[in-house]
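Please examine the sequence and the structure shown here before reading on.

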Amino acid sequence: MAAVAGESSSVIKVAALSGSLRKGSYNRGLIRSAIELSKGRVEGLQIEYVDISPLPLLNTDLEVNGTYPPEVEAFRQKILAADSILFASPEYNYSVASPLKNALDWASRAPNVWAAKPAAIVSAGGGFGGGRSQYHLRQIGVFLDLHFINKPEFFLNAFQPPAKFNNDGDLIDEDAKNRLKDVLLSLKEFTLRFQGKN
Ligand SMILES: Cc1cc2nc3c(=O)[nH]c(=O)nc-3n(C[C@H](O)[C@H](O)[C@H](O)COP(=O)(O)O)c2cc1C
């Protein structure tokens, strides 16, 4: 497990990615809420938001002698250093949002830094709460060797009253926070089991 300076070795480092780049993003709000939970109700997780917006669009011409552009290299190192991944995956046209697919593809280039990482997906959006993107992401994860928790699933319809988020995109719904907490607990338990520590 990746060690964290000054932290107990049992702390699990989680890299959290949002497929939506907009300021008031509900999916980004889910990550903020997960970080808040990890500082209170869920112990043993250190969740870091990893911004994917600096990544250039994938173009293998940008790879020179097996090296990557600095933003890509920095991103790949963050994934490599993480014990597990939390994806907040909005649904764009029934699938994974393009910024997230771009990030998935960059980190899949040799060596694939997603390999053997436990992961969880959460999503917020219309209709099915982003559900269709989750199943496409799971399919992509087969080739990337990501290992997703199966349960609990977390989809959140952000548009159905009462309001689930405030105007800044912060999650304000207590039931959703509890469900998010259960995802984090499941990811923690699965990561420990995956690492042979449970
Ligand atoms: C390009 C685009 C495509 C979208 N396609 C879908 C879709 O297929 N299904 C759906 O439920 N919502 C769709 N939406 C709505 C988003 O899921 C919704 O705006 C969601 O709040 C986006 O996540 P965010 O709040 O984190 O930005 C789409 C939005 C965009 C911008």
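In this predicted model, the largest cavity is lined by Ala120, Ile121, Gln134, Arg138, Ile149, Pro152, Glu153, Phe154 and Val183. Two elements, strand E6 and helix H4 (131-144), each give two or more residues to that lining. Sorted by class, the lining comprises 6 nonpolar, 1 polar and 2 charged residues. The space within the largest cavity is about 30 Å³, and a search of the whole structure finds 1 cavity of 30 Å³ or more.

Phe154 is among the residues with the most contacts inside the largest nonpolar core, together with Leu30, Ile47, Leu86, Val122, Leu156 and Leu184. This core has 29 residues in total. At least two of its residues come from each of the following elements: strands E1 (12-18), E2 (45-49), E3 (84-88), E6 (117-125) and E8 (154-157), and helices H1 (26-38) and H5 (174-194). Helix H5 makes the largest contribution, with 7 residues. As a general principle, nonpolar side chains in soluble globular proteins tend to be buried together.

What does Val122 touch, leaving aside residues up to four places away in sequence? Its contacts are Asn27, Leu30, Leu86, Phe87, Ala88, Ser89, Gln134, Phe154, Leu180 and Val183.

Methods
Residues are numbered from 1 along each chain as its sequence is written. This is a predicted model: local features need pLDDT of at least 70, side-chain atom pairs count only at pLDDT 80 or more; totals for chains, interfaces and linings use all residues. Side-chain values use heavy atoms; hydrogens and water are left out. A nonpolar core is a set of buried Ala, Val, Leu, Ile, Met, Phe, Trp, Tyr and Cys residues joined through side-chain atoms within 4.5 Å. Buried means under 20% relative accessible area, exposed over 50%, partly exposed in between (1.4 Å probe, protein chains only). Helices (H or I, at least four residues) and strands (E, at least two) are DSSP runs, numbered from the N terminus. Contact means heavy atoms within 4.5 Å. On a 1 Å grid over the protein atoms alone, a cavity is a set of points where a 1.4 Å probe fits but cannot get out, and a pocket is an open set with protein on both sides within 12 Å along at least five of seven lines; lining residues have an atom within 4 Å of a point. Grid points are joined across faces, edges and corners, and a volume is the space filled by probe spheres set on the points. Ala, Val, Leu, Ile, Met, Phe, Trp, Tyr, Cys and Pro count as nonpolar, Asp, Glu, Lys and Arg as charged, and the others, Gly among them, as polar.
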